[in-house]
Amino acid sequence: MAVTSQPQAEPQKADLREPPSWRRTKNQIMTVLMVVAFALTMIPLGFVLVTVIAKGASVISWSFLTSSIPPNVLPANVGGMGPAIAGTLVITALATVIAVPLGILGAIYINEYGGKGILARVIGFMSDVMTGVPSIIMGLFIFTLWTLHFQYSGLGGAFALACLMLPIVIRSSEEMLKLVPDSLRQGAYALGATKARVTMTVVLPAALGGIVSGALLAVARAAGETAPLLFTIGIVTSVNWNVFSGANTSLPSQIFLNASQPYTGAQARGWGAALTLIVIAFIFMISARLVTARYARYSS
Amino acid sequence: MSTVVKADSAVPAESAHPLARRRPLGDRAFALLALAAGLLVLVILILIVISTSQQASSWFSTEGWGIFAYNWNPGANQFGVLAFIYGTAVTAVIAVVIAVPVSIGIALLLTEVVPRRWARPIVYVVDLLAVVPSVVWGLWGILVFAPWANHIYGSIASGVNGIWVLGFLFGGNNISGASFFTAGLILAFMITPIVTSLSREVVATTPSIDKQGAYALGATRWEMIRGVVWPHSQGGVVGAVLLGLGRAMGETIAVALVIGSNPVITSHLFSPGYNMPAGIANLFGESSGVFRAALMGMGVLLFAFTIIINVIARGVVARSARRARGA
C-alpha cells in the first residue's frame, strides 16, 4: 500500500491558489485589523496594571496593610489601609453569605421546579435584566430601605452588594444545573427519593464545581464595587470588625476618596489600596479558574 | 381494582394512593423556599422602583416637567437634569462606538482565525479588563491618563478649531483631561470584555456547514465572514451592543472621577461634563431636601433607561438565539 502511494505523491503539486489579488489583500488587511483590535485592548490594560503595580508596590508593607488610615495631608510612609482591608473582607464575606445561598436556591427553582413554566421564565429573564441594573441604583435602594432607618453599617453595604451578586449567582448556577444530565435525576427518583432530596444530594453535588466557580467570580466583582457602598457604610479611619453596627469603610471607597485628593501622600495610599484590591480580585478569579479546572464535572 | 385506581388518579387530590397524595413536609418546604428565593428577584426590582420613586416624589411634584429642563443649579433650587441625561447618552455612545468594532474584531479573531488552544489565553487576557475594578480605572484615569490627555486634547483642539464637523466635536476652548471623551474612552475599556464575550457566543453558533460551503465556493476568510457569519450573527451582536450600552450608561465610579463634573450641554467632547450616575455619586453626600430628592429621581430615570435597554437587548438576544437554533 505504502509503496504504491509513493509515486503518486511525487508529481509536483500545482499551485491552485489564486494569484495575489485585491480579494486576498483585503482578507489579509482584515485579519491584521482583528489582531490590532486585540492589541488595542492590551494597551490600556498593560498601562493600568503596570502603573498600579509600580506605584502600589512602593507603598505596600506590613504596616500599610494593618495601620489605620491617617489624615490625607500626611506623607505616604505614614499609616495605611488596615480598616479598608478589614471592611472589604467582612462586608464582602457577609454579602456572599447572603447572596450565594439565595442565588443557588433561585437557580434551583428556575431549573428544577419552574421548568418551562411562565413564572420560571419571567424570573430567569428578570435576573438577566437585574444584572444590568447599575450598581449605584442598588446603593440608593439600600440607602432608602435600610440606611435611612438603621444608620451606616457594614450590613447595609453587604445588602447592597448582595443585591448586585444575586442575579449573577442565579444565572451562573442555573447554567451549571442545566448541564447535569437528567439520567442522574431519574436514577435517584427510581430509588424513591423525594424531589428535595434528589436536588440536594444528587443534582447539587454534581453541579457544585461550576456553581462555586460562578460564585467566586461574583465575589470578585462585588469586592471591587464602590457605588453600592457610597451611601450605605459611611467612612471610618480605624478598624471596625463589627459588620453589623457602626460605620465602616472599604478599599474601593478609600481609593475613590483618595483619588480626588491633591496630596501626594493620600494619592500614594490610593495606589497601594488599588494594588491590594486588584490582588484580592485576582485571587478570587484565579481560584474560580482552579475550581473549574479541578472540580467541575460538567462544563459547557 | 386497577381500573378504579386509574379513574381516580385523574382527580389528583382524591387519589386512591394515600402514599402518592401527600408529599413529605420537608419536600414541600424546600419547594417553597426555592420559589421564595426565585421571587426575591422580582420583589427586589419592584421594591427598587417603589422606594426610590417615593424618595424622589418631592422633586417630581415641585418641578413637574421641569425635571427635564436644562437648568441644574442647586444653589437657586433649580433641578432640571437634561445636562446629566445628555452626558449619559454622549459618554455611552462614545464608549459603544469605540468598543464595538474592537470587540467584534476580537470575537472574530477568537472564533474564526486563531487555533482553539490560542483562543483560551486570549479570552483570559480580555477578561482581565473586567477584573480591574471600576474605581481603579478611575484612579488611573484621573491621576495618570487625564494629565497626559490634556496635552493631546489641547493640540487636537487647536488643530481642528474652525473645521466644520471636527471643530464642532473636538474643538472648543474649555479643553480638559477630565472630559466626556475621557469618560467615554474608559467606559469603552470597561465594556469591551462583555461585548466581546457575548458576540463570541453568537458568532460561535454559525453552522460550520455554511462556512465550509462558502469556502468551497472559493471565498476568502473575510468574504466568508461577510457572507455567512455576519448575516447569521447580526441580531445577537446587536443585542450584545445594547447590553454594552446599558452597562456604559450605569457605570458609576470611574466616570465620577474622570468626567470633569460640569453639568453643561456642549458638542465639544473634550470639555468637562457630567452624567447621571456620576452626579448621584458625587453630589449625594452633600445634598438634602429637594436636592436629594432630585438625585434620587435621577436614579429612578437611570433605572428606567437601563431597564428599558436591557429588556430590549435580552429580547433581541433571546430571539436571535431561537432563530439560530431553528435554522
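Colleague: Which residues does A:Ala274 touch, not counting residues up to four places away in sequence?

Modeller: This is a predicted model: local features need pLDDT of at least 70, side-chain atom pairs count only at pLDDT 80 or more, and totals for chains, interfaces and linings use all residues. Residues are numbered from 1 along each chain as its sequence is written, while chains are lettered from A and ligands numbered from 1 in the order in which they are written. Two residues are in contact if their C-beta atoms, placed from the backbone, lie within 7 Å. Leaving out residues up to four places away in sequence, A:Ala274 touches A:Val52, A:Gly56, A:Ile255, B:Val136 and B:Leu139.

Colleague: In the largest nonpolar core, which residues touch the most other members?

Modeller: A nonpolar core is a set of buried Ala, Val, Leu, Ile, Met, Phe, Trp, Tyr and Cys residues joined through C-beta atoms within 7 Å. Buried means that 20 or more other C-beta atoms lie within 10 Å of the residue's own, with 12 or fewer counting as exposed and values in between as partly exposed; C-beta atoms are placed from the backbone. The largest core has 195 residues, and those touching the most other members are A:Met165, A:Val169, A:Ile255, A:Ala274, B:Val136, B:Leu187 and B:Val258.

Colleague: And which helix gives the largest share of this core?

Modeller: Helices (H or I, at least four residues) and strands (E, at least two) are DSSP runs, numbered from the N terminus. With 18 residues, the largest share comes from chain B, from its helix α4 (residues 82-113).

Colleague: Which helix gives the most to the side of chain A that touches chain B?

Modeller: Across the two chains, 70 residues of chain A are in contact with 71 residues of chain B. On the chain A side they divide into 49 nonpolar (Ala, Val, Leu, Ile, Met, Phe, Trp, Tyr, Cys and Pro), five charged (Asp, Glu, Lys and Arg) and 16 polar (the others, Gly among them). Giving the most to this side, with 19 residues, is helix α2 (residues 22-57) of chain A.

Colleague: Are α4(A) and α3(B) roughly parallel or roughly perpendicular to each other?

Modeller: Axes are lines fitted to C-alpha atoms, for helices over the stretch in contact, and angles run from 0 to 180 degrees between N-to-C directions. Helix α4 (residues 82-114) of chain A packs against helix α3 (residues 25-63) of chain B at about 110°, with the axes 7 Å apart. Angles under 35 degrees count as roughly parallel, over 145 as roughly antiparallel, 65 to 115 as roughly perpendicular and the rest as oblique. The two helices are therefore roughly perpendicular.

Colleague: By class, how many nonpolar, polar and charged residues has the contact of α9(A) with α12(A)?

Modeller: The axes of helix α9 (residues 195-223) and helix α12 (residues 264-295), both of chain A, come within 8 Å and cross at roughly 170°. That makes α9(A) roughly antiparallel to α12(A). By class, their contact has 14 nonpolar, five polar and no charged residues.

Colleague: What radius of gyration has chain A?

Modeller: Chain A has 12 helices and zero strands, and its C-alpha trace spans about 85 × 60 × 35 Å along the principal axes. The radius of gyration is taken over C-alpha atoms, and the globule rule is 2.2 Å times the number of residues to the power 0.38. While a compact globule of 300 residues would be near 19 Å, chain A has 26 Å.

Colleague: What share of the residues of chain B count as buried?

Modeller: Chain B has 13 helices and two strands, and its C-alpha atoms fill a box of roughly 95 × 65 × 30 Å along the principal axes. Of its 327 residues, the share that count as buried is 49%.
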